[in-house]
Amino acid sequence: MLVTGVSRRVGIGHAIACCAADHGASVVAHHYRPHDAAQPWGADDLEAVMASIRTHLVGSAHLIDIPADLAAPGEPARVVEQAAAAAGHLDALVCNQAMSSPDGPLSEMTEAVLDAHWAVDARASILLAQAFAAQEGFVPPAVPDAGRRRGAIVFLTSGQGLGPLPGEIAYAAAKAAIAGVTLTISDELIDAGITVNTVNPGPVDTGYVTDADRETTAVMFPQGRWGEPDDAARLITWLLTDEARWITGQVISSEGGFARWRH
């Protein structure tokens, strides 16, 4: 399987890679460290990130990592092709990459910021899915073959359809596009035996949440805590398994009861 955006041990991508490895999968982990280095939280030690994932590998499963700027022309296809060549064949794709900043409110929005978020948060996911589906070997679900190969794609969106994301016009627009195109892509790929779903993980503490944030939002979390990367990873990994073979075209919110109306 290929997971994009695996660059921080406190991130959702790392949690997905670890959870999938726990299930016996070989993992191809994409990362782009320069993005994290430009953020307030900074970049993690990539060797430590990969070492952590390796502790979850089972049996002969293996880990491969691929650095790439998915906004660059041709890079989504190259990453999938390199991953497939290294792994032999990709059965699953998780598009977890995301651009965090720069962003801003409508009054400050620019063409460059809108285009940058579109390239990473939406365009790259669509092109990754295109390259993934172009692999040979998937068998249509109507073919009566118990040993047939199926594929699974999971996109990640945000809660932009459930409540406002103040100051994140570009991010909200690009993530809304992914949620909006899920059903159309799933309809195109189901005849090839590939399911396509999108997950909104809700508010997840990936290292940026402050004590002040927790105090301000405490009443909004009925389970007494923010989401953790593993909460999202469990759902996403399950959607990749044969247990979820009947689920496609869905946008699923996994928010632990997060109540935006409680202030």
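1. **Ground rules.** This is a predicted model, where local features need pLDDT of at least 70 and side-chain atom pairs count only at pLDDT 80 or more, while totals for chains, interfaces and linings use all residues. Residues are numbered from 1 along each chain as its sequence is written, and side-chain values use heavy atoms, with hydrogens and water left out.

2. **Helix α5.** Helices here are DSSP runs of H or I with at least four residues, strands are runs of E with at least two, and both are numbered from the N terminus. Helix α5 covers residues 111–133, 23 residues in total, and reaches 31 Å from its first C-alpha to its last. That is close to the 33 Å expected at 1.5 Å a residue, the expected span being 1.5 Å times one less than the number of residues. Do look at Ala119, where a kink of about 40 degrees in α5 is centred; the bend at a residue is the angle between axes fitted to the seven residues ending there and the seven starting there.

3. Buried means under 20% relative accessible area, exposed means over 50%, and partly exposed lies in between (1.4 Å probe, protein chains only). The buried residues of α5 include Val113, His117, Ala119, Asp121, Leu128 and Phe132. Their cover includes α4 (75–87), β4 (92–95), β5 (151–156), α6 (169–189) and β6 (194–200).

4. **Helix α1.** Ten of the eleven residues of α1 are buried, so this helix is mostly covered. Among them are Ile12, His14, Ile16, Cys18 and Cys19. These buried residues pack against β1 (2–3), β2, α3, β4, β5 and α8. Just after α1, Gly24 takes a positive phi of about 100 degrees.

5. **Two nonpolar cores.** A nonpolar core is a set of buried Ala, Val, Leu, Ile, Met, Phe, Trp, Tyr and Cys residues joined through side-chain atoms within 4.5 Å. Which residues touch the most other members of the largest core? Of its 31 residues, they are Met1, Ile16, Ile53, Val94, Val154 and Ile236. Two or more residues come from each of α1 (12–22), β2 (27–31), α3 (46–54), β4, β5 and α8 (229–240), and α1 gives the most, with eight. Leaving aside neighbours within four places in sequence, Ile236 is in contact (heavy atoms within 4.5 Å) with Ile16, Val94, Val154, Leu156 and Val199. A second, separate core has 28 residues, including Leu2, Ala131, Phe132 and Ile178.

6. **Aromatic pairs.** Rings of Phe, Tyr and Trp (its six-membered ring) pair if their centres lie within 6.5 Å; planes under 30 degrees apart count as stacked, over 60 as edge-to-face and the rest as tilted. The whole structure has four such pairs. In one of them, Phe132 and Phe138 have ring centres 5.3 Å apart and planes at 45 degrees, so the pair is tilted. Both Phe132 and Phe138 are buried. Phe221 and Phe258 also form a tilted pair, with centres 4.9 Å apart and planes at 35 degrees. This pair links distant parts of the chain, 37 residues apart: Phe221 is in the loop between α7 (211–217) and α8, and Phe258 is in the segment after β7 (251–253). Phe221 counts as buried at 8% relative accessibility, and Phe258 does too at 14%. Tyr208, Phe221, Trp226 and Phe258 form one aromatic cluster.

7. **Asn197.** This residue is in strand β6. Is Asn197 buried or exposed? Asn197 counts as buried, at 0% relative accessibility. A polar contact is a pair of N or O atoms within 3.5 Å; within protein, one must be able to donate a hydrogen and the other to accept it, and residues adjacent in sequence count only if both atoms are side-chain atoms. The side chain of Asn197 reaches the backbone oxygen of Ile247 at 2.9 Å, and one of its polar atoms lies 3.0 Å from the backbone nitrogen of Gln250.

8. **Asn200.** Strand β6 also holds Asn200, which is buried with a relative accessible area of 2%. A polar atom of the Asn200 side chain lies 2.9 Å from the backbone nitrogen of Gly202. The side chain of Asn200 also makes a polar contact with the side chain of Ser253, at 3.1 Å.
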